[in-house]
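Dear colleague,

I am handing over the structure below, and my notes on it follow. Please read them with the model open beside you.

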Amino acid sequence: MSASNLPKKELFELPEGVIYLDGNSLGCLPKGVVDRASETIEREWGGQLIRAWNSADWISLPRRVGDRIARLVGAAEGSIATGDTLSIKVYQAVAAALKMRPGRKVVLSDSGNFPTDLYMVRGLLQTLDGGHELRTPEPEQVADSIDESVAAVLLTQVDYRTGRTHDMAEITRRAHEAGAVMIWDLAHSAGALPVDLAGCGTEFAVGCTYKYLNGGPGAPAFIYVRPDIVSGVEPALAGWMGHDAPFAMELFYRPAMSTERLRVGTPPIVQLAILDEALNVWEGVRLEDIRKASIELSELFIAEVERRCPQLTLASPRDAGKRGSQVSFAFENGYAAMQALIDRGVIGDFRAPNIMRFGLTPLYLDNGDIMSAAEVIEEVISEELYRDPKYNVRSRVT
Ligand SMILES: Cc1ncc(COP(=O)(O)O)c(C=O)c1O
Ligand SMILES: Nc1c(O)cccc1C(=O)C[C@H](N)C(=O)O
């Protein structure tokens, strides 16, 4: 299967006149989603009210959706819980990991990690007030920074700015060799490239579903726990939906005997229904084919942009094997240039200080889109259209 014949573009609502290169931030709208959302809202909520927890099986939806995500990240059925936001799931994973290594005081991440991951860890460490420390070496130094003081290693596999990947299997091996607990953030991995959670042996993984999984803005996050350790994982947020028997209404918390113990409160049913529907586009799709197509699209994109725009400098690894499903270019007028592109229907985004970021999503992009985008990029850069003062007003949040 090549980039041009992954037969999925027709499954999405793609606005006319737009080439969407931002599926690494917010995925596109799959076609069945609007009907599914209105069925959930009108027929289930409106018509069945509280009965829908049973009659529409809302109660098992978080687990059913978790099992569908599991297939996409190399995890066993029952090993993924859904709900909350990724920030919350990071907090839970790190808190649980620290309890598993009570004598150790270091959480190791890297200086390129997405800010919320680092903020959540610092907040947690402050609350614990136990003399812990967050270390953030350069991404290239992480593997060599893992020593026996490290309780937990928290890394995002694909760097949000540059797309640079960490070697999951190798770093997990190094973490385990030093006796540390491994936590992977798969925000930019799930649905972007093959991930082998079970195979690499990581204790925890977390991720979001609004990017490559197309679950929509604010879609529920997920957390993976390696099945053999789940009974020893102490939930830091002991909410009733993580209880072994939520409706027994017991006064004291007893965690569920599965990954479900990392659920917290009432699941977001409308968003879960939307995500469940969005996951239909993955039926029959192999992540290996997505990866192959993503590399083809990325290589074409890099070649075309570099040929047409020598002013831009590739900020992503040139080696496709070390890159996720995005391509970034550094350009000093990157913010304004991105606004000029968006104005012309080519939607990517900008990350400070100077990164123009383009997500490549083979489910709804083909070679023709890449060529058209490259033409517009060339026009904006070579004609210096980014110099228009209206593109220099920093009014966009993303
Ligand atoms: C690596 C990473 N972690 C976390 C987040 C955000 O987490 P949340 O879904 O809680 O906003 C993002 C993107 O928003 C991200 O790229
Ligand atoms: N989650 C986002 C949001 O609520 C608004 C705007 C952007 C986002 C993102 O997901 C950003 C994304 N994680 C990034 O890699 O920059």
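In this structure, helix α3 (residues 61–72) and helix α9 (residues 269–278) pack with their axes 10 Å apart and at an angle of about 30°. Axes here are lines fitted to C-alpha atoms, for helices over the stretch in contact, and angles run from 0 to 180 degrees between N-to-C directions; helices (H or I, at least four residues) and strands (E, at least two) are DSSP runs, numbered from the N terminus. The two helices α3 and α9 are therefore roughly parallel to each other, given that angles under 35 degrees count as roughly parallel, over 145 as roughly antiparallel, 65 to 115 as roughly perpendicular and the rest as oblique.

As for the residues involved, Leu61, Pro62, Arg64 and Val65 in α3 meet Ile269, Leu272, Ala273, Leu275 and Asp276 in α9, where contact requires C-beta atoms, placed from the backbone, to lie within 7 Å. By class, the contact of α3 with α9 divides into 7 nonpolar, no polar and 2 charged residues; Ala, Val, Leu, Ile, Met, Phe, Trp, Tyr, Cys and Pro count as nonpolar, Asp, Glu, Lys and Arg as charged, and the others, Gly among them, as polar.

Please bear in mind that this is a predicted model, in which local features need pLDDT of at least 70 and side-chain atom pairs count only at pLDDT 80 or more, while totals for chains, interfaces and linings use all residues. Residues are numbered from 1 along each chain as its sequence is written, and chains are lettered from A and ligands numbered from 1 in the order in which they are written.

Turning to the ligands, the residues around ligand 2 are Ser25, Phe114, Tyr160, Ala187 and Thr398, each with its C-beta atom, placed from the backbone, within 6 Å of the molecule; by class, 3 are nonpolar, 2 polar and none charged. Around ligand 1 there are 13 residues, of which Thr85, Leu86, Ser87, Phe114 and Ala187 come nearest, and the shell has 6 nonpolar, 5 polar and 2 charged residues. Helices α4 (86–100) and α5 (115–128) each supply at least two residues of that shell around ligand 1.

Key. Contact = placed C-beta atoms within 7 Å.
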